[in-house]
Amino acid sequence: MNQQQRDIYYPVLFLISLGLVLWQYLGMERHLNYSLNEESPISLSTQLADGRVGKGLLLRQQNKATLFCNISNSQQPDACALQLKLVENNQAGITLANFENIQLNLSFQSTAPDSIWLQVFTQHNAKHLHLYQQSILPKQGRASYSIDVDNLYQPSWWQFAQGEDQHSQQDAKITYISLLTGDNTQDKNIELSLHSVQFSGKWLQAKDLYLALLGIWLVSITYAFFSVTRGVKEQHQQSNKHALELNKINSYLSIERDNYEFMAKTDPLTSCFNRAGLSSIFGDIIIEYAEIGMPASIVLFDIDHFKKINDQYGHDEGDKVLVNLANLVRQQIREGDYLARWGGEEFLVVCTHTRLKGACALAEHLRQSIENTILSEETRITSSFGVAEINSGFLEQWIKRADEALYQAKEGGRNKVVAAS
Ligand SMILES: Nc1nc2c(ncn2[C@@H]2O[C@H](COP(=O)(O)OP(=O)(O)OP(=O)(O)O)[C@@H](O)[C@H]2O)c(=O)[nH]1
């Protein structure tokens, strides 16, 4: 069940539950009516449940049955009873638990007050008969009397007589009822007419309904709990998956960024820095110089007559010379110095924390190495060098001074080192 279905299911379940509770409370009534007539299976009880002999006279009329009873206060207590069979012999009986109330419509005339016992006889199985009873105090004349089923009880003398044979009132099936005169301490003449008996109850008992609803709500809430937990788990897994994918993409992008940064700062032929690659290095040097006067020098050098190499031996040979020269110089400089290809056949070494004198020594060393190393099978290679130490916070001026020194080296016959003033 997804969120959308839950948003519909629970309000609907709530409304249905509320509707059922209200319906159960206000309606859902069922009645079982027995109106007396001349054919009704009503009879005089001669053998009473407590062992006494029933007396009296029964007269069946058109819409009632009347019991005439003469009670005399003698040694042997008198009682009269009529009994109404509710089902045929082979039928199961009326389930007592289905009803909440038994309503008796009676007419009562007596020369002295008396109570009447309603006795309900139920059959648990074919053998065992059980008795539940409740007394009513009838008024003279005709009236309806309502007896709560919950107030019916098994008399102790009956329980004693039945011994261990107890069973729940829930399972009880009523086969017949009996009306018994009660108080026999006084002489009196009683005329008791039974007009009708009505059993009333609800189609669904409140406790059954509440139990069913409780069950449905418990199942629904448990299901919702598990489906929400599962949803959260799935979302969590989904987020983890997304996070993993994002991590992958991030790593890929960071590798790509490094590649592009490398490509942007590196000369593809010689793998030296290009001008862009030196920009942040120059930035740091200028800051250090401006703040604490930290020295630094640059060595700008250019292959002599490089055009001739290209022209005579081809462009590939020229490239080879550039690569070999870069590799040679890279091996000669310190860690912390930087080599960059500054232009076509022009290179620049940044010597950090180095004064002019040290940079000139390096330039001379490089000049000799280049001259004495076979950088091309075809010809000897030499280079001219211009060296300048930083003396202001302006990069252009610094490079210009080195460039001028290089120019002087070229002018001075090439294969030379010239220091800028
Ligand atoms: N093979 C090759 N040649 C290049 C490259 N970049 C620049 N060049 C060549 O380098 C030569 C530079 O020539 P010039 O500026 O006249 O300098 P030069 O011939 O070295 O003469 P001087 O510097 O005065 O000694 C040109 O022929 C360019 O085509 C490159 O990447 N590969």
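Which side chain makes a polar contact with the side chain of Gln119? That partner is the side chain of Gln133, at 3.1 Å; a polar contact here is a pair of N or O atoms within 3.5 Å, where within protein one must be able to donate a hydrogen and the other to accept it, and residues adjacent in sequence count only if both atoms are side-chain atoms. Please keep in mind that this is a predicted model, in which local features need pLDDT of at least 70 and side-chain atom pairs count only at pLDDT 80 or more, while totals for chains, interfaces and linings use all residues. Residues are numbered from 1 along each chain as its sequence is written, and side-chain values use heavy atoms, with hydrogens and water left out.

**Around Gln119**
- Gln119 sits in strand β8, residues 116-123 (strands are DSSP runs of E, at least two residues; helices are runs of H or I, at least four; both are numbered from the N terminus).
- Gln119 counts as buried because its relative accessibility is 5% (buried means under 20% relative accessible area, exposed over 50%, partly exposed in between, with a 1.4 Å probe and protein chains only).

**The ligand site**
- The ligand is surrounded by 16 residues, the closest being His305, Phe306, Asn310, Asp319 and Arg341 (a residue is near a molecule if one of its heavy atoms lies within 4 Å of it).
- Elements that each supply at least two residues of this shell are β13 (296-303), α5 (306-313) and α6 (315-332), and α6 gives the largest share, with four residues.
- An N or O atom in the side chain of Arg341 is 2.5 Å from an oxygen atom of the ligand, and for Glu345 the corresponding distance is 3.0 Å.
- Asp302 also has a polar side-chain atom 3.0 Å from a ligand oxygen.
- On its own the ligand has 660 Å² of accessible area, and the protein covers 67% of this (areas come from the Shrake-Rupley method with a 1.4 Å probe).

**Annotated spans and helix α1**
- The unreviewed UniProt entry places a "transmembrane region" at residues 7-26 and 209-228; such annotations may be inferred rather than shown by experiment.
- In the model, residues 7-26 are 100% helix, with end C-alpha atoms 29 Å apart.
- Residues 209-228 are likewise 100% helix, and their end C-alpha atoms lie 28 Å apart.
- Leu22 belongs to helix α1, residues 3-26, and is partly exposed because its relative accessible area is 45%.
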